[in-house]
Amino acid sequence: MAFKIVSSQCTSCSACEAECPNEAISDKGTTFVIDPAKCTECVGHYDSPQCAAVCPIDDTCVVDPKFPRYQAA
Amino acid sequence: MDSPVNHPAHEGAVDIDGIMQQIAEHKGCGTEGGSGKASCGSGAGQGDLPTEIWEKVKNHPCYSEEAHHHYARMHVAVAPACNIQCNYCNRKYDCANESRPGVVSEKLTPEAASRKVLAVASTIPQMTVLGIAGPGDPLANPAKTFKTFELISEVAPDIKLCLSTNGLALPDHVDTIEKFKVDHVTITINMVDPEIGAQIYPWIFWNHRRYTGVEASQILHERQMLGLEMLTERGILAKINSVMIPGVNDQHLVEVNKAVKSRGAFLHNIMPLISAPEHGTVFGLNGQRGPSAQELKALQDSCEGEMNMMRHCRQCRADAVGLLGEDRSAEFTTEKIMDMEIAYDSAGRKAYQEKVEEERAAKVAARSEELEALAGTASDITVLAAVATKGSGLINEHFGHAKEFQIYELSTAGAKFVGHRRVDLYCQGGYGDEDALPTVIRAINDCHAVFVSKIGGCPKAELTAAGIEPVDEYAHGFIEKSALKWFRTYLERVASGEVEHTRHGDASIRQGALINVA
Ligand code: SF4
Ligand code: SF4
Ligand code: SF4
């Protein structure tokens, strides 16, 4: 149950960092990264994952297939 | 990391935690957009500025056209995040060779930013204003923005603080803006009709949701109007920036002008859209064109009378340093700042600025003298003239070295600044560049004369052939006085039949030149 950031797309704009309710996002210099242990896909906080909603670049904050989705459809 | 700024001992330091907490609290209090709250609005027709407003603008290069000849500003890029998407912006584009509004190569921490401000203020004593203008929205990054203001007001209290925002988060932060004595706020407002907004903004992020379409623009519009009203109520000067997008909002901006005027905005700045395909913006890719110089001027003219129009905006990048139209940011990279010895000498700055004021007074006196000489001459001829200047209100730039020309409209009423035109450097290192000259001519094609401190024989001949008179006999003279003097002789020559007065055509706004301000 986690999101990840596609680092080749990330512009390092930092918009996502402030929106994450779990402080799962941090600045790694040239890109931002999500700590999968902290990410809850925003369930319980908001209707949709905040990082994906605020990120200006489409398909940059995406589900990490390595982690099972919180609400598997 | 150690604080890079040489604080003069830390007593009396501001309570940062308290401020941060306040910022956090503010973030949550986004009340529903207050529609229909149009209540305030200052009295119309401020022909002469009241003293307290004059004090706020007299040495602000963006808020006072006259001040921009003499005073410099700097921007620090501490705020990369944004909460809306505009079709004229591409956030993936950031290249060290590029220079255009909102694009910036070095993002700074608040601590590094405050060191940079000290370094610049010590080197450029006429730097009076610090702005935070992105590259994202400063209020989408409130913690970084206000921390920067706090550090700077501690180390350099004489510097004016200034902020640019898209307005979406503005109502949440007006109290903090007031608290930090930020006296000047710019809001970018491109529409008051959400249907038009939907063609400009694909989405906004607000109250933890992404909104799209007309709904997004409706929210943005309400928040912008509310934010503007709140600033006006508190006596904070608001400048409105609008991007002129032909076929989308060009006619509509007259409407925008009325709306912001009635809510007490101080100054309206209508800027041309920049949209080259290689920027990869939505507008760039779908072929949306920018306005021509005369289209822009016509729109600005039609809004004038309603309120003050800003014509000297340079659409600066988010880390610009120096006089408007000049970019000295390369002198102040993080690396260079770290090596610099910084001695902030506020007494020295003050003395320097007093000298600047003397120079400025002399210029004003010279202008009124020349106007008196013109008085009595009756003519309805108006012409545009281009001026090559390095600042101080003087004709002091070589034609071949000018990166831009300032444009004045000359009539028997006086010399009125109406804009500027960026050009590519005509002459690099003393050799005329063959291909650049036609582009310079295109950029000032609507002018009857160009005033320079010096000009070579070849460009002189080509300008003359294009109907633009090169004038170098007023080298190092005051711009307005000299231009009026020349205008007097021009009218005489027309009257004697020596020259025939003809209207000139349109000029193009050089997109490439706007982008590459080296
Ligand atoms: S999905 Fe939500 S919790 Fe996970 S990183 Fe994004 S913002 Fe944080
Ligand atoms: S919002 Fe998107 S582009 Fe910006 S830092 Fe986060 S992942 Fe990168
Ligand atoms: S972009 Fe315009 S308003 Fe902003 S600093 Fe430059 S000239 Fe002034």
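# Reading the terms in a predicted two-chain model

User: Why is B:K181 called exposed?

Analyst: B:K181 has a relative accessible area of 65%. Exposed means over 50%, buried under 20%, and partly exposed in between (1.4 Å probe, protein chains only). B:K181 is therefore exposed.

User: What is the basis of the model and its numbering?

Analyst: This is a predicted model: local features need pLDDT of at least 70, side-chain atom pairs count only at pLDDT 80 or more, and totals for chains, interfaces and linings use all residues. Residues are numbered from 1 along each chain as its sequence is written, chains are lettered from A and ligands numbered from 1 in the order in which they are written, and side-chain values use heavy atoms, with hydrogens and water left out.

User: Why is B:N207 called partly exposed?

Analyst: Its relative accessibility is 39%. That lies between the 20% and 50% cut-offs, so B:N207 counts as partly exposed. B:N207 also has a positive phi of about 45°, although it is not a glycine.

User: Where is B:N207?

Analyst: B:N207 sits in the loop between β6 and β7 of chain B. Strands here are DSSP runs of E, at least two residues, and helices are runs of H or I, at least four, numbered from the N terminus.

User: How do you know that β6(B) and β7(B) pair?

Analyst: Pairing needs at least two bridges found by DSSP between two strands. Four bridges join β6(B) to β7(B), residues 209-212, and the two run antiparallel. The pair therefore qualifies. B:W206 stands opposite B:R209 in β7(B).

User: What makes β2(B) a partner of β6(B)?

Analyst: Strand β2(B), residues 84-85, pairs with β6(B) in the antiparallel sense over two bridges. B:I84 stands opposite B:I204 in β6(B).

User: Which way do the side chains of β6(B) point?

Analyst: B:W203 and B:F205 point one way, B:I204 and B:W206 the other, and all are buried. In a regular strand the side chains alternate between the two faces of the sheet.

User: What makes A:D58 and B:R210 a salt bridge?

Analyst: The criterion is a side-chain nitrogen of Lys or Arg within 4 Å of a carboxyl oxygen of Asp or Glu. Here N to O is 3.9 Å. The pair therefore meets the definition. The count between chain B and chain A is one salt bridge.
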